[in-house]
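Visitor: Please show me the model. I would like each label set against its definition.

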Amino acid sequence: MARKGRVMATLPVLVDAEWLRESMGAADLIIFDATKFLPNQGRNGHDDYRRSHIPTAIYFDIDAIADQQTNLPHMVPPPGQFAAQLGALGVSNNSRVVFYDQNSMMWAARGWWLFRLFGLEAAVLDGGLDAWVRAGGPTESGEIAPLPAASALLTDWRPKYVRGIGDIKDNLISGAELVLDARSAERFAGAAAEPRPGVESGRIPGSLNLPFNQVLAANGTLLPPETLRQRFAAAGIDGSKPVITSCGSGVSASLLSFAMAVAGLEAAAIYDGSWSEWGSRPDTQKQRDAI
């Protein structure tokens with residue numbers, strides 16, 4: 001699809017298929033397909049992208065755009081690495097970036113959060129590829145080769161949006177922030193095995209639970225803002241304290257943070273290592289429900 005030589009208006013945080021269709025071809029628009037799957041899902045996100053994606057969409061691999069010096073999954077990369085890799089994918093400081101995925105919106109939300117962490121703006125397509133197809137949007141197959149950006153990407157590191165394991169340990173003492181876990185109720189209770197080997201079951205002591213699928217409608221789109229606020233309030237998020245979201249590896253936690261932003265709440269910081277780190281460390285406290 002040929003790109004139009006015009007620049008569109010300001011980017012909203014959540015866009016629908018109609019907005020994206022009207023914006024297609026704009027010179028400053030970059031669409032990323034961030035599809036991935038959990039280890040126990042038996043699918044390859046890059047293969048799904050190659051089979052079918054939105055026209056002009058480039059594959060965004062969160063395992064490649066990640067810290068390669070750790071064995072934890074898709075951890076935040078160093079700023080220089082992030083800027084170089086995104087520049088190679090065509091992103092400049094004038095780009096408008098829209099993320100989508102083919103698996104529950106959480107991978108797209110991770111892309112949105114990474115951009116936010118590095119001081120950049122991005123949007124998420126509500127409902128992902130399924131919503132695009134339902135709206136009559138075309139798809140194509142194969143791989144899109146990006147054109148590198150003409151100028152270096154400048155990033156602004158925003159550490160307030162991320163937490164490390166030391167922060168979580170400190171928070172166990174201070175209680176200054178609420179920890180909201182996006183995993184299933186069974187995994188949160190410690191009653192279900194974790195999908196990654198070497199990771200114990202359980203939760204961070206004192207944490208709250210809101211499974212990520214509880215912020216999605218039956219058709220895979222995000223719930224309306226008022227309903228989202230009700231879901232967060234029912235989970236114990238009442239605005240009295242800042243929130244840290246956690247999950248298995250920092251991905252569905254990103255969806256909760258994104259949903260908070262859409263709901264008009266202060267978007268949560270994310271514990272990047274999440275349970276993959278906490279549950280695999282011998283020096284961390286782990287809470288489980290009595291069986």
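Guide: We start with burial: a residue is buried under 20% relative accessible area, exposed over 50% and partly exposed in between, with a 1.4 Å probe and protein chains only. The model is predicted, so local features need pLDDT of at least 70 and side-chain atom pairs count only at pLDDT 80 or more, while totals for chains, interfaces and linings use all residues. Residues are numbered from 1 along each chain as its sequence is written, and side-chain values use heavy atoms, with hydrogens and water left out.

Visitor: Why is F118 called buried?

Guide: F118 has a relative accessible area of 0%. The cut-off is under 20%, so the label buried applies.

Visitor: What makes W157 buried, exposed or partly exposed?

Guide: The relative accessible area of W157 is 40%. This lies between the 20% and 50% limits, so W157 is partly exposed.

Visitor: Which parts does the pair of F118 and W157 tie together?

Guide: F118 is in the loop between α4 and β5, and W157 is in the loop between α5 (128–134) and β6 (162–163), so the joined parts are 39 residues apart in sequence. Helices (H or I, at least four residues) and strands (E, at least two) are DSSP runs, numbered from the N terminus. F118 and W157 also belong to one aromatic cluster with F32, F60, F82, F99 and F115.

Visitor: How many aromatic pairs does a search of the whole structure find?

Guide: The search finds ten aromatic pairs. In one of them, Y49 and Y59 have ring centres 5.4 Å apart and planes at 40°, so this pair is tilted. Y49 lies in helix α2 (residues 45–51) and Y59 in strand β3 (residues 58–59), so the parts tied together are ten residues apart in sequence. Y49, at 0% relative accessible area, is buried, and Y59, at 7%, counts as buried.

Visitor: What makes a set of residues a nonpolar core?

Guide: The members are buried Ala, Val, Leu, Ile, Met, Phe, Trp, Tyr and Cys residues joined through side-chain atoms within 4.5 Å. The largest such core has 57 residues, and F32, F60, F115, V215 and F232 have the most contacts inside it. Helix α4 gives the largest share, nine residues.

Visitor: How do you know where this core lies relative to domain 1 and domain 2?

Guide: Domain 1 (14–157) and domain 2 (160–280) both give residues to this core, so it lies between them. The bounds come from an automatic or database domain assignment.

Visitor: How do you know which strands β4 pairs with?

Guide: Two strands pair if DSSP finds at least two bridges between them. Strands β2 and β4 have five bridges and are parallel, and β4 has two bridges to strand β5 (residues 123–125), also parallel. Five of the five residues of β4 are buried.

Visitor: What makes the crossover from β4 to β5 right-handed?

Guide: With the strands pointing away from the viewer, the path from the first strand over the helix to the second must run clockwise. The chain goes from β4 through α4 to β5, and this β-α-β crossover is right-handed.

Key. Rings of Phe, Tyr and Trp (its six-membered ring) pair if their centres lie within 6.5 Å; planes under 30 degrees apart count as stacked, over 60 as edge-to-face and the rest as tilted.
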